[in-house]
Amino acid sequence: MNFDLKTNENGNLSIGGADALELAQEYGTPLYVIDEDRIRNNYQRLYKAFSSKYSDFKIYYACKANTNLAVMRILEEEGSNIDAVSPGEIYTALMTGFTPDKILYTGNNVTDEELEFALSSEVIINIDSLSGLERLSKLSGARGKKISFRVNPRVGAGHHDHCITGGDLSKFGVMEEEAVHAYQKAIDLGFKPVGIHSHIGSGILDPEPFKLAVRTLMDTAGRVYREVGVEFEFVDFGGGMGIPYEPQESLLDIEKFSQEIVDLFKEKLSQYNMVNPTMYLEPGRYIIGDAAYLLTSVNTVKQSYRKFIGVDAGFNTLLRPTMYGSYHHIVVADKPQAQPTQNIDIAGNICESGDLLARDRPMPDIEEGNLLAIINAGAYAFSMSSQYNSRPRAAEVLVKDGCSELIRERETFADLLSKQNLPVRLLK
Ligand code: LLP
């Protein structure tokens, strides 16, 4: 099993040195608990693996995975840059203290207003379509700006169809065969193209499709260099590095992976005689995925036609199992190593049948009042949560050296109504 579960002297799950049961007691549930050291270790491991083989290397944390300000700040301290996909993410990154030159904006189907916001924020814009290029060129202040293009290398991969972002079915990027034209056009419109980017999908544990995308993107970059003369300042291979969610899955061998990617990169640079650009990666899940746990309390044990364990977190809190059928490992917080004794369904409190955190899952004995810990709840967890069924969003705490701090308050009923206006004629 590839989960680094720690147990303290009371036999309880320990997260960053803090007792999971005490955290639940203090802050209530459902509760996201984020382990600061785990974030830093993940970042450093990835950075070291690549930079030791190619020193001109930068990480652009894909903050869509988790935009908590404390998480972003920790990564800023580590030296990360930011991959932002919306004006809201640009805003969040700027508020966290990232300078504009450390933010790459990769929007898709962007409005002119969004382009204007990105332009005035002075971040680098990664263009997703010829339409975006043309519309950007009409905005004042666009001339002379550095830009890059997202290219669809016609290969995709990911843990679910929804998470494959390259290939013929994908809405993202400019086509590989129109790249030369796109760069030429950018120059004609007065831009300074400096980068090339691809992101083929998310949750990739098999390096082969990623390597194929690197090869294809480098061939495209080589063609653009030869035919248009663009000297790339950076080549961005996107994110997508997976983590094991299921007990039998293996960790990505990051040493081997980085060696293969860097070798391929260097081989292609010399094949096309390209001046050494900076290599970027945009990991989200790899950095934050295993750094958080979702704690949820069991309130109901029900023997219906099946046995259900009812908890206080639903797909409003953690959408991945319902949206992608994703597996998240779940342990009982006061006996994380206990062996299974039964197969059960673990269901949330949302009024939909799809609201299951686990179906037919081997679990130890569970009683009402027990605390469950859902593993790998750092990426695309809180950031995809909602207020569906008028349930306020969960709280988040950060733990380090056994101490915990509340980094996001639990929402209140008032938050559910905070942006609504009742027309005067409907007032009572
Ligand atoms: N760069 C771009 C342009 C992206 O669109 C993404 C993710 C990333 C980087 C980071 O990918 P990562 O390293 O985290 O795999 N909600 C899904 C994942 C969707 C990812 C969307 N884009 C899930 O819960 O699995």
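This is a predicted model: local features need pLDDT of at least 70, side-chain atom pairs count only at pLDDT 80 or more; totals for chains, interfaces and linings use all residues.
Residues are numbered from 1 along each chain as its sequence is written, and side-chain values use heavy atoms, with hydrogens and water left out.

**How the domains meet**
- In domain 1, 26 residues are in contact with 24 residues of domain 2 (contact means heavy atoms within 4.5 Å).
- Together the two domains bury about 2,200 Å²; buried area is the accessible area (1.4 Å probe) that two parts lose on being put together, summed over both.
- Carbon and sulfur atoms carry 50% of that buried area.

**Polar and charged links**
- The interface holds 16 residue pairs in polar contact, both at pLDDT 80 or more.
- A polar contact is a pair of N or O atoms within 3.5 Å; within protein, one must be able to donate a hydrogen and the other to accept it, and residues adjacent in sequence count only if both atoms are side-chain atoms.
- The rule also finds 2 salt bridges across the interface (a side-chain nitrogen of Lys or Arg within 4 Å of a carboxyl oxygen of Asp or Glu).
- Asp290 forms a salt bridge with Arg38, and their closest N and O atoms are 3.6 Å apart.

**The domain 1 side**
- By class, the side of domain 1 that touches domain 2 has 12 nonpolar, 7 polar and 7 charged residues.
- Ala, Val, Leu, Ile, Met, Phe, Trp, Tyr, Cys and Pro count as nonpolar, Asp, Glu, Lys and Arg as charged, and the others, Gly among them, as polar.
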